[in-house]
Amino acid sequence: MKDLLFKDIVRWLTNDLRQESWTTVYKDLDLETDWFRICGILVPKDLKSKFLEHGEWSLNTTQFKPDFVHYADEDPKYFRWGIDLGYEPLIYQRFYNNIYPTTYEIIEEFKLYFNLYFDSKSNTYIAVDDYSNENTIIVKTPNEIKIRTSSLREFLSAKKMSLGLQLDYFRFSSLEFETHNLNEDDYFENVGKDFCYNITFQKSDYFNEEAKKINSRLLAKKIISDFSKFKPKHWTDKFENKEYCDFIISEDIDTGQVITNTCNPDKLADFFGKNPDSPQFLTSIFFKREVLLKYYQDTKKYTVSDGTLFYKGSWHLEIDNNHPNAILVYLGDLGRNLPYEEQLYWRSFNIPPNGYMSEVKFNRDFLSISNPPRSLDLIFKSKFKTFKINWLEKFGFSLFNELAEKDYHCLKSIRLPLYEDNSEFDNLILNLTKILIDYINEKELNKRIKTTDKNVQGIGKLELFLKETYPSPQNVIPFLRQLQRLRSKGSAHRKGKDYLTILKELGIENKTYLESFEIILKKAIKAIDELNEIEHDV
C-alpha cells in the first residue's frame with residue numbers, strides 16, 4: 001500500500017545530509033503515481049529561521065533573472081536576480097515560450113569558482129586541480145542535477161550562506177482515504193532544527209485514472225550548512241603543507257635490510273654544502289619498468305618521451321628510461337616534481353638499486369654530451385619522426401598520413417613490453433601495424449604508380465612505388481607483409497598454425513614478449529633506415 005505519509009522522505013529530511021557524497025539541488029520527475037520536485041536556493045544565515053517557518057516554497061527557479069523590482073511608493077530598482085528578498089539562486093530556469101527547449105542551469109559563479117569544464121558527452125562538470133587531476137563536481141541528467149556535497153559546502157562557506165532545499169512531492173493511490181486510515185482534512189506538520197514540512201490530502205478523481213483516486217502532498221524544506229571551520233585556500237598551501245615519501249636508496253651490507261630516505265629536496269645534500277650528512281639530491285632511485293604502464297595507458301594526459309615523463313598542464317619528471325632493466329629517477333626530483341599522491345604510486349614500484357644509470361643518462365647529465373636514445377622503442381619513435389620530416393622535404397609528399405586524433409595513442413604508447421603478457425604484446429602489434437601500414441599515404445602513391453589492378457592496396461602500392469626508387473630498399477616490403485600477417489593471424493584473430501608460422505618467419509618463436517618486440521622494432525628501424533637512404537625516384 002502506498003505510503004501517503006512520506007515516511008521515507010521524512011526520515012531523509014531528519015538525516016545529516018552533510019555526510020552524503022552528492023546533493024540533489026534540482027529534480028523534476030513525474031512517474032505514474034509519484035511526482036517529484038526539488039529546487040535548491042542560497043539562503044543568507046540571517047534568513048534561515050524565516051526560511052524554515054513553513055514548508056511552502058520561498059522561491060522557485062522561474063523567478064530568477066536580471067530584472068527590475070517595482071514598488072508602490074518608490075522607483076523601480078534593478079537587481080541581479082530580479083528579486084529583493086535576500087535569497088539567491090543556485091539553479092535557474094531558461095524558458096523560451098516553448099519555441100526552444102527549456103533548460104536548467106547552475107549559476108556561473110559556482111562554475112567559475114571551481115573553474116569547471118563541461119563534458120557534453122557525460123553531461124558532467126569537471127574540476128581540474130593544479131596537478132591536472134580531474135574531479136566530477138556536477139552531474140546533470142534530463143530530470144536532475146546533483147553537486148558533490150564537499151564542493152557545494154565549500155562554495156557555501158565562501159558565500160557565507162546555506163543551501164535551502166525545497167521539496168514538493170505528490171503521491172497518488174488507487175484506494176480510498178479510509179483504507180489508508182486517513183481523512184481528506186488531515187494535516188501533518190513538523191519543524192526541526194534544519195528542516196520543516198507539512199502534508200496535506202486531496203481527492204484527485206478528476207484525472208479519471210484508477211491509480212490516481214486520491215493523493216497526498218508533501219511540502220518540505222531542508223537546510224545544508226557550510227563548513228564551520230572553513231579556511232580559504234591559498235596557492236602556496238600546496239608547497240607549505242606538502243608531504244614526502246621515503247624511497248629505497250640502498251641496502252645495508254650487514255643485514256640486507258633496505259635503507260630508505262625522504263625525497264624532500266630541502267633535506268637532501270647538494271654540491272654546495274647543503275645537508276652534508278644526507279643523501280645527494282641526485283641519488284638514483286630504481287623502479288620496476290611497470291611503473292610506466294599507467295602513463296602509457298592514458299596518452300591523453302601523459303607523454304613518455306626519451307628521458308622525460310610529462311603530465312599535461314601539470315608536472316614533468318626527468319627519468320632514465322634507457323636503462324635496460326629499470327626506470328631510474330633522482331631522489332630529489334621525486335619530491336620536487338611529484339605531488340604526494342603520485343609519489344605513493346611510484347613507491348609501490350620502488351626496488352633496491354640494481355647497477356648504475358644508463359650511459360645515455362650519465363653522458364647527458366654529467367658530461368653534457370648529447371646522446372641519442374639506446375632503448376629500441378625510443379629509437380624507433382625518434383627515427384620515425386625524423387624520417388617523416390626528411391621524406392617530405394625530399395619528395396614533396398608524406399609517405400605516411402598524419403595520425404587521426406583518436407589514433408595519437410598508437411604512436412605514443414609504443415614501448416618495450418612492461419609485462420610478460422599476451423594482451424599487451426597484441427596491442428603493441430596492432431598499434432605498430434596501424435602506424436606503418438594503415439597510414440600509408442595511398443592517395444599520393446596513386447599519383448606516382450601505374451597499375452590497373454584494383455586489388456592492389458597499401459603495401460602493394462608502396463611496393464610498386466619503391467621499385468622505381470634508387471636505391472630500391474630490400475627489407476621494407478617483406479617486413480611490412482610479415483607485420484601485417486602477424487596482426488591478422490594473431491593480434492586481430494584467433495591464433496592457430498598460421499600464427500606459429502609467422503612467428504618462425506620473424507624469428508620470435510619461443511622468445512619472451514620483450515625479446516620478440518625488440519626483434520620486431522629492430523626490423524622496423526631497419527626499414528625506416530632503408531627508406532631514409534632513398535635518394536630519388538627514377
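Q: Which strand gives the largest share of the lining of the second largest cavity?

A: A cavity is, on a 1 Å grid over the protein atoms alone, a set of points where a 1.4 Å probe fits but cannot get out, and lining residues have an atom within 4 Å of a point. Strands (E, at least two residues) and helices (H or I, at least four) are DSSP runs, numbered from the N terminus. Here the largest share, 3 residues, comes from strand β22 (residues 327–330). The model is predicted: local features need pLDDT of at least 70, side-chain atom pairs count only at pLDDT 80 or more, and totals for chains, interfaces and linings use all residues. Residues are numbered from 1 along each chain as its sequence is written, and side-chain values use heavy atoms, with hydrogens and water left out.

Q: How does the lining of the second largest cavity divide by class?

A: Ala, Val, Leu, Ile, Met, Phe, Trp, Tyr, Cys and Pro count as nonpolar, Asp, Glu, Lys and Arg as charged, and the others, Gly among them, as polar. This lining has 4 nonpolar, 1 polar and 3 charged residues. Among them are Ser284, Glu318, Asp320 and Lys361.

Q: What is the volume of the largest cavity, and which residues line it?

A: A volume is the space filled by probe spheres set on the grid points, which are joined across faces, edges and corners. For the largest cavity this is about 50 Å³. Its lining is Phe400, Leu436, Val476, Phe479, Leu480, Ala524, Ala527, Ile528 and Leu531, with no polar and no charged residues. Helix α17 gives the largest share, 4 residues.

Q: Which residues touch the most other members of the largest nonpolar core?

A: In soluble globular proteins, nonpolar side chains tend to be buried together. A nonpolar core is a set of buried Ala, Val, Leu, Ile, Met, Phe, Trp, Tyr and Cys residues joined through side-chain atoms within 4.5 Å; buried means under 20% relative accessible area with a 1.4 Å probe, protein chains only. In the largest core, of 57 residues, they are Val25, Leu90, Phe110, Ile138 and Ile147. Strand β2 (residues 34–44) gives the most to this core, 6 residues. Apart from it lies another core of 47 residues, including Leu436 and Phe479.

Q: Where on helix α8 do its buried residues fall?

A: The arc is that of the directions from the helix axis to the C-beta atoms. In α8 (residues 340–347), Glu342, Gln343, Tyr345 and Trp346 are buried. Seen down the axis of α8, the buried residues fall within an arc of 155°, so they line one face of the helix.

Terms used:
Buried < 20%, exposed > 50% of the residue type's maximum accessible area, 1.4 Å probe, protein only. 1 Å grid on protein atoms, 1.4 Å probe; cavity = no way out; pocket = protein on both sides within 12 Å on 5 of 7 lines; lining within 4 Å.
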